Amino acid sequence: MVHGEVWTIKELFTYPNEYIYWSIQIVMYPFMTGLVAGAFVLSSLYHVFGVKQLKGMARFALVFSFALLFAAPMPIVLHLQHPFRGINIFMTPHFTSAIAAFGIVFSTYGAIVASELWFIYRKHFVEIALPLKTKQDKTLFEWFKYLVFCALTLGVYDISEESLKRDEKAIKILAGLGIPVACFLHGYAGFIFGSVKANALWMTPLMPVIFIMSAVVSGIALCMLTYIVVMEIRKFLASRKKTVYTHLQTREEIGGVEINVIRMTAKYLLLFLIFAISLELLDLIFRGYTAVKSWDVLRSVIYGKDFTNIFILQYAIGNLIPFILFLMPGFTIRRAVVGVILVLFGVFMMRWNVVIGGQAFSLTFLGYMHYHLPIIPHNWETFKEGLGGALSIFIMPFVLFWIFSKIFPVFDYKESH
Amino acid sequence: MKNHVFRPLFVVIGLVGIVLIARLFIVPKDFGVWERGYMYGWHRKSNEEDWKAVKVKYQFNNEYCKDCHGDKYDSLIQSPHAIIKCENCHGPVLEHPLNPAKLQIDRSRQQCLRCHSYLPYPTSGRANIKGIDPGKHNPDIECSMCHNPHKPNLGALSGGK
Amino acid sequence: MITRRDLLKYTIKGIAGLAVPIAALEIVNPNKIFAGKNDKSKTRWVFLVDTYKCVGCGFCVKACKNENEIPYDANVTRTWVERYVVTKDGELFADTPKGARDGFTTSKIDLGAGKYQDIKKEEISKAFFVPKLCNQCENPPCVQVCPVGATYQVPDGVVLVDRKTCIGCGYCIMACPYGVRFFHPVHHTAEKCNFCYHRITKGMKTACVEACPFGARQIGNIKDPDDPVTKIIKTERVGILKEEFGTKPQVYYIGLDKEVR
C-alpha cells in the first residue's frame, strides 16, 4: 500500500498521487516546538524583563523547555520514511529549504538553553560533586553520580561570589539572546508551511507570526498546567508532613504562592492569546475579501467540511471558553486548570487545522481528501503515524522532565542570592 | 583563574567540530554544488549515472520483432493497428528471446476497450475511433475470438452479418 | 605547565580550527553558489502534449509503470491521463481512475469514495483528455525545499531524486503544485517522472512517447532549432500549466482548456 493511502479518503477530482502525506506527526511537530519556544519565552520574562512575580515559574519553565527540546524533533523522526537518514540534514544541509535551516536554528537554540541551565545550576553541580570527591568508599551509584556531576561542571569548581555574579550576567545575556532565537525557531516552523506556494491554505506571510503567537500561548499554558500539578503534589505531601522542604513548609504557604504565580502567568497567556486570535482572524478576513482563485475551495473547507474543527473545537472551545474562564472574577486554581487544558487543546486544533486542513483539498481545487487518524495500529506505520505515536510524543517531555529534575532541582534549590 | 563564562561556548565549538569532521567521513566525495548552482544543483554527482544506468525494458521498435515474427509484422503494418507498438500488448521485450523466452501477452477485453469502448466525446480524438458498448457487445468473450488484433477485419465481419 | 583543562581546551580549539577550513567551506562555496545558472549544456529536454490527439487509452501510463518499476497495482504513478467533461449547463466533471492505467472504458465519471456518475451524450458540450507528467520546471520548487540535496536538476533540465540520500520527509511532495511526486512504495523515497532519463540519455524516446499510438506525446530538445518539437513550440500557440506559481514548467500543451487543472 502506498504511504498515506491508509488514512486518506479521496472525494471528487484529485490527482492520482495526492494523499495526506503530512499526517498526525506533522501536527505534533509544530505543537511541540511551539511548547518549547513558549516555555522559554515565559522563563525569559523573568530573567530579561525582570517580571518578579514570575520568579517561581522561570526556573521551572526553563527546565521544562529543555525537556521539551528533546521531544520536539521526535515527531519528524517518526514521520520520516528513512528516519536513520535524518542526520543528512546536518551532513548535507540545503539551506534553501526551511527544514535544513531549521536544523541549525534548533541546535543553536538547544545550545543556548543548555548553557543557560548550566549557569543557573553550576553552583548546584559543584556542591554535589565536591563532597562526593572527598568521600571515601563510594558506592557504585555514588561513583556514577560523581562522574555525571563532575562532567556537568565542565571542570569549573569556582563558586565564589564574584564568579556567581558573572553567571547572573551570562544568564541575562543568554535569556535575552534566547528570545529572538526561540521566536526564530518557531517562526521557522511557521515558515515551513507559509512558504509552500503550492498550498493555497498555507501560503501566507502571516503564518510564522501566527505560529509564534500561538506557540507562546501553548508554552505558557503547558507550564501553568505542569506547575499546578507539581504544586498540588507538593501541597499533598506537605499536608502529610512526609517531606520537609527548605522553604515553603505549610500547605497554605504553597497554595498562596501558587495562586499568585498562576494569576500573573494567566495575564501573559491572555495577552498572547489575543494576538494569536487577531492574526488568525485577519488572515481569514483577508482571504475572504481578496477571494483569489483558491478561495472557492478554501471557503468550502473552512466553512463547510472543517467547520466543526475550526469554529467549534478551535475557536469556541479552545479560545473563547478559556478566555471567559480567565476573565471572570473570582479566579481559582481549579478554573485555571480547565482553562489551560482547553487552551492547549485549542492550540493543538489550530495546528491540526493548518496541517490537515491544508491537505483537505486537492491541488485541482475540485476535490477533497479526508483524514482518518489510525487509532488501532495494525503495523508499525499506523502506530507511529497514528494515535499511539502522537501520544508517545506527548508523554515524552513529561518523562524527560522527571529525569531532568533529578539533575536540575526545580524547586527545593536555595537561591544563590 | 581564567574566566569560566566561555566554557559552554567551547563545548559548542567542540560539537560543531565533531559534526564537521563527521561530514568528512559520511558525506560522499562527489557531493557538492554542480552545474545548476546551490539552489538546484546541490547533489551527489554519481547519482546521475545511477539513473542513466537504469535498465531499458521496452524497445518500442517493431523492426526488432520483424526478424522472427515477420508474418505478424507484415499483417500489422497493413492494418489500422500499425500505429500500435508490438510491446503495448506483448509486454516489454527486455532481452527476449533469451530472457524471458516467452512474453506475457495481454489479451484482455480491457486492453481493446482502452480505445474501442465508445465514449460520446465529440471534441476529442476518441470520436474518430470505432467503438462499442462493452456491456452489450458480446460481453462474455474475448475480443480476439472474432477479431484478429494484427488484422482487424471489421469489413469482413460486418459484411458476414 | 599544561593542566588537563588547558590540554582539553587546546585540543578542542585545534580540532575546530582544523575542521572549519576543510569542511565548513565545502558547505558554502561562494564561487560555486554564484556560478548559478550559466549553463552551457547543449540540451534542454522539453515535452509537448497535443490534447486533441489523446484518446485516453492509457498505454502511456501502463508503459511508464513497467519501464520505471513503479508497482503496477500501487495507486501512484509518474504519469497519468485526466478526463474533463463539461456539460451544457457549464458543470465540470473530471477524473483519472487509477491514473488511467487501464484507460477510460466507461462514460461514468469516478467521483471518488466509490461513487460514479454517468453523463449522457446529449448533456455533453465538450469532453477531452489531458496527459500529465512532471513539468521539469526551470525553477523547480520541489528542489528548492529539499533539506538534504536529495533532489536536484541536471543541466539538461531533468529533475532527479537520489534514492540513497532522500530522507523521506515529503516536503518536495508538498511543494509541487502539479502533484507529480509521491513516495515509492518499495524504496520509500520521493519518486517522480524523470522523462525516462535512462532512455533519453541513450538517444531513445521516453516510454510514454513511444507507447502512444496517436502521437499525442512528444519529447524534444528546445535548444536544438531543428527539433520538430522546438519548431512547434516556437511557431504555434501552446500553453503551460499553472504559470501563476512562477515555476516555468517545460511541458507544453496544444489545445489547453481553461478548465484544465
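Q: What share of the contacts in chain B with a separation of 6 or more comes from residues 24 or more positions apart?
A: This is a predicted model, in which local features need pLDDT of at least 70 and side-chain atom pairs count only at pLDDT 80 or more, while totals for chains, interfaces and linings use all residues. Residues are numbered from 1 along each chain as its sequence is written, with chains lettered from A and ligands numbered from 1 in the order in which they are written. Two residues are in contact if their C-beta atoms, placed from the backbone, lie within 7 Å. For chain B, the share from residues 24 or more positions apart is 40%.

Q: What is the radius of gyration of chain B?
A: The C-alpha trace spans about 110 × 40 × 30 Å along its principal axes. A compact globule of 161 residues would have a radius of gyration near 15 Å (over C-alpha atoms; the rule is 2.2 Å times the number of residues to the power 0.38). Chain B has 30 Å.

Q: Why is helix 3 of chain C largely enclosed by the rest of the structure?
A: A residue is buried if 20 or more other C-beta atoms lie within 10 Å of its own, exposed if 12 or fewer, and partly exposed in between; C-beta atoms are placed from the backbone. Helix 3 of chain C covers residues 59-67. The buried residues include F59(C), V61(C) and E67(C).

Q: Which helices of chain B do the buried residues of helix 3 of chain C pack against?
A: Within chain C, their partners include strand 2 (80-87) and strand 6 (124-132). From chain B come helix 6 (86-90) and helix 7 (109-116).

Q: Which element gives the largest share of the side of chain C that touches chain B?
A: The contact takes 62 residues from chain C and 49 residues from chain B. Among the elements of chain C that each supply at least two residues are helix 1 (4-27), helix 2 (30-35) and helix 3. The largest share, nine residues, comes from helix 1 of chain C.

Terms used
Helix = DSSP H or I, 4+ residues; strand = E, 2+ residues; numbered from the N terminus.
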